[in-house]
Amino acid sequence: MRINIGFIALIGALSVGAGACNLTSADGSGSGGSSGATDSGGATGTGGQPGATGSGGVTSTGGASASGGADGTGGVRGTGGVTGSGGVVGSGGVVSSGGVVGGGGQPGSGGSPTPGGGRNGAGGATSTGGMAASGGAASTGGTTGSGGAASTGGAPGSGGAPVVASGPCDIYAAAGGPCVAAHSTVRALFSAYSGNLYQVKKTDGTVKDIGVLSPGGFANAADQDTFCGSSPCTISIIYDQSGKGNHLTKAGPGGAKTTGDNEADAKALPITISGHKVYGEHNPAGVGYRNNKAVGTATGDNAETQYMITSGDYMNGGCCFDYGNMEANSRDNGEGTMEAIYFGNCTIWGKGSGSGPWVMGDLENGLWAGNVSPYSGNTPMSSKYVTAMLKGDAAGKNHWAIKAGNAQTGALMTMFDGQRPNSRYNPMRKEGAIGLGTGGDNSNGAQGNFFEGVMTATFSTDAADDAVQANIVSVYGK
């Protein structure tokens with residue numbers, strides 16, 4: 001985003017409300033929470049106390065009284081196996097009608113194939129020699145999950161095994177819009193991702209890749225601490241987890257700043273998320289990352305969805321703390337050549353209600369809170385961690401949206417959903433590069449913190465966005 005110097009001088013002569021970008025900042029760390037509860041496979045040993053009337057079949061199992069045999073035929077009263085046995089529910093002999101063995105209930109008695117459920121259908125078909133389903137109501141022999149040890153017959157993760165929750169990119173992929181870029185110094189954004197998250201570098205040029213503690217897990221911050229020790233360390237690469245190789249490295253020269261940017265101090269932003277010490281990317285003015293040869297990202301007027309997690313209490317009014325789709329040559333190529341998420345309280349081009357900070361769209365030569373400015377529906381966000389989302393719809397639809405939420409609690413809020421600001425942004429002319437911490441033309445006077453972000457090449461559904469926000473809250477909110 002280029003700032004005209006004459007224009008800045010004019011702005012400075014006006015009041016703050018007329019568009020000055022003022023610096024406000026605070027820093028801090030937060031705690032998170034566990035990523036998911038252990039899924040037990042069901043209570044062990046349910047299924048009735050030994051000898052309890054009706055375990056494995058009520059009195060007159062196998063039929064109504066005297067139906068196909070004497071009262072109580074079908075086994076000793078209360079049979080059904082030893083407490084917690086995983087055997088056939090209600091067995092104990094031929095059901096006094098000479099009919100099907102196991103007239104102890106309809107298929108599924110004794111538990112369904114949920115954790116600890118025993119064999120599906122144990123107990124046989126509806127018993128003959130009596131009224132339909134005689135010998136006990138469906139599921140006789142105990143509540144669901146009885147008749148077996150914990151985790152028997154359960155889904156993956158049952159019986160106390162760790163549950164690996166779907167990550168944001170799993171959610172978007174399942175909804176038909178897979179991630180084409182996924183960056184984080186905090187955690188894996190796919191449940192099966194076991195690669196590196198970022199690289200740190202000492203002043204002597206030696207480097208160390210920082211991976212995850214386990215597939216789908218958090219960053220191994222201890223590896224960073226051991227490698228860096230008391231030496232200065234910077235973040236030299238933020239790896240792309242999507243498999244497309246869209247890694248971020250220090251931004252080179254651009255139209256607004258003709259020298260390259262700085263790498264972030266790797267030690268500057270330690271936080272605790274879900275009980276894990278990790279590091280965010282601390283982005284004061286002058287720090288920026290870029291990939292001008294990204295693949296798979298949206299270009300032209302095509303669709304995309306992007307979100308980032310940032311700090312609500314560390315920002316300023318400079319241009320421009322962005323993450324997302326930018327020009328491929330780090331120059332201002334005109335309105336509509338970028339579509340990136342912005343967070344801050346700059347008012348040079350546009351604003352929301354109040355005094356900010358806001359989640360806005362940097363569409364080049366304009367930070368937009370909506371399709372007009374000020375846009376009152378776009379309200380300030382100041383929670384410790386902010387989910388900031390920007391979406392551009394499919395070619396020809398002239399439709400885009402901004403969403404925001406507290407990354408620690410609650411749902412996303414729609415800040416804007418409507419047409420592009422004017423004809424200069426319709427159709428869009430996106431170029432598909434990826435930037436972090438600067439404007440599209442390498443304007444790097446802004447500050448902010450970055451924890452994670454993804455890009456897709458589809459306009460996601462509201463349901464998918466809501467599920468992603470729920471995942472974010474489950475990680476950052478505990």
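Trainee: Why is Phe-451 called buried?

Mentor: This is a predicted model. In it, Phe-451 has a relative accessible area of 0%. Buried means under 20%, so Phe-451 is buried.

Trainee: What makes Tyr-385 buried?

Mentor: Its relative accessible area is 1%. The cut-off is under 20%, so Tyr-385 is buried.

Trainee: How many aromatic pairs does a search of the whole structure find?

Mentor: The search finds 6 aromatic pairs.

Trainee: Why is the pair of Tyr-323 and Phe-450 called tilted?

Mentor: The ring centres are 5.2 Å apart, and the planes stand at 40°. Pairing needs centres within 6.5 Å; under 30 degrees counts as stacked and over 60 as edge-to-face.

Trainee: What does the pair of Tyr-323 and Phe-450 tie together?

Mentor: Tyr-323 lies in strand 14 and Phe-450 in strand 22, so the pair ties together parts that are 127 residues apart in sequence. Both Tyr-323 and Phe-450 are buried.

Trainee: What makes Tyr-385 and Phe-451 an edge-to-face pair?

Mentor: Their planes are 80° apart, and their centres 5.3 Å. Edge-to-face needs over 60 degrees, so this pair is edge-to-face. The pair links distant parts of the chain: Tyr-385 is in strand 18, Phe-451 in strand 22, 66 residues apart.

Trainee: How do you know that Lys-391 sits over the ring of Phe-459?

Mentor: The charged end of Lys-391 is 4.4 Å from the ring centre of Phe-459. The distance limit is within 6 Å. Lys-384 also lies over a ring, the face of Tyr-385, at 5.7 Å from the centre.

Key: Residues numbered from 1 in each chain as written. Predicted model: local features only at pLDDT ≥ 70, side-chain atom pairs only at ≥ 80, totals over all residues. Heavy atoms only, no water. Helix = DSSP H or I, 4+ residues; strand = E, 2+ residues; numbered from the N terminus. Buried < 20%, exposed > 50% of the residue type's maximum accessible area, 1.4 Å probe, protein only. Lys NZ or Arg CZ within 6 Å of the ring centre and 35° of its normal.
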